[in-house]
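Colleague: I'd like to learn how to read a model like this one, feature by feature. Can we go through it together?

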Amino acid sequence: MAYDTNNIFARILRGEIPCQKVYEDDHAFAFHDIKPQARVHVLVIPKGAYVSMDDFSFQASEREIAGFIRAVGKVARDLGLADPGYRILANHGDDSGQEVPHFHVHIFAGQRLGRMIQPR
Ligand code: AMP
């Protein structure tokens with residue numbers, strides 16, 4: 001799938017759409033999810049144009065990957081989540097229900113999170 005430069009997260013990165021920013025560095029940008037699914041629900045996205053986990057893990061440089069993963073950990077740590085705990089999640093493709101075609105990691109926290117996925 002080709003990267004759509006007008007997807008909503010690309011527009012947030014360009015500052016065309018407002019967001020509740022949490023963190024930014026050379027490789028990553030983090031903001032609160034507009035429809036939180038837990039008491040804490042933050043999204044962390046790479047600054048590069050990657051559609052999903054599949055695209056990012058295949059095409060991104062070691063530097064981008066390391067920078068991004070460090071940023072996810074830092075955001076969670078800086079929000080005070082390392083001790084109580086948190087969950088990270090990334091959707092890729094149709095079966096996962098991925099809605100926004102710019103790679104993003106969800107951070108969920110602030111409550112008991114229950115089972116990882118709903119039983120069938
Ligand atoms: P996914 O289903 O993994 O693609 O997740 C997309 C997430 O982006 C959902 O949790 C949405 O609530 C969130 N989202 C969509 N638009 C915005 C926005 N403008 N600002 C913040 N979060 C958004």
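This is a predicted model: local features need pLDDT of at least 70, side-chain atom pairs count only at pLDDT 80 or more; totals for chains, interfaces and linings use all residues.

Colleague: Which backbone oxygen does the side chain of Gln98 reach at 2.9 Å?

Modeller: The backbone oxygen of Val100. We call that a polar contact: a pair of N or O atoms within 3.5 Å, where within protein one must be able to donate a hydrogen and the other to accept it, and residues adjacent in sequence count only if both atoms are side-chain atoms. A polar atom of the Gln98 side chain also lies 3.0 Å from the backbone oxygen of Val51. Residues are numbered from 1 along each chain as its sequence is written, and side-chain values use heavy atoms, with hydrogens and water left out.

Colleague: Where is the place of Gln98, and why does Gln98 count as buried?

Modeller: Gln98 sits in the loop between S4 and S5; strands here are DSSP runs of E, at least two residues long, and helices are runs of H or I, at least four, numbered from the N terminus. Gln98 counts as buried because its relative accessibility is 19%. The cut-offs are under 20% relative accessible area for buried and over 50% for exposed, with partly exposed in between (1.4 Å probe, protein chains only).

Colleague: Now the strands: in which sense do S1 and S2 pair?

Modeller: Pairing needs at least two bridges found by DSSP between two strands. S1 (residues 21–24) and S2 pair in the antiparallel sense over 3 bridges, forming a hairpin with 3 residues between them. Within that pair, Tyr23 stands opposite Ala30 of S2. S2 also pairs with S3 (residues 40–46), again antiparallel, over 5 bridges, and there His32 has Val42 as its bridge partner. As for cover, 4 of the 5 residues in S2 (residues 28–32) are buried.

Colleague: How do I read the pocket, and how much space lies in the largest one?

Modeller: Rolling a probe the size of a water molecule over the atoms shows where empty space is left. A pocket is an open set of points on a 1 Å grid over the protein atoms alone, where a 1.4 Å probe fits, with protein on both sides within 12 Å along at least five of seven lines; lining residues have an atom within 4 Å of a point. Points are joined across faces, edges and corners, and the volume is the space filled by probe spheres set on them. The largest pocket holds about 950 Å³. It is lined by 34 residues, and those closest to its centre are Asp33, Lys35, Gln37, His41 and His106. H1 gives the most to the lining, with 3 residues.

Colleague: What does His106 do in terms of contacts with the ligand and with His41?

Modeller: A side-chain N or O atom of His106 is 2.8 Å from a ligand oxygen, and a polar contact of 2.8 Å joins the His106 and His41 side chains. His106 belongs to strand S5 and counts as buried, at 9% relative accessibility. Elsewhere around the ligand, a polar side-chain atom of Asp33 lies 2.5 Å from a ligand oxygen, and a backbone N or O atom of Glu99 lies 2.7 Å from one.
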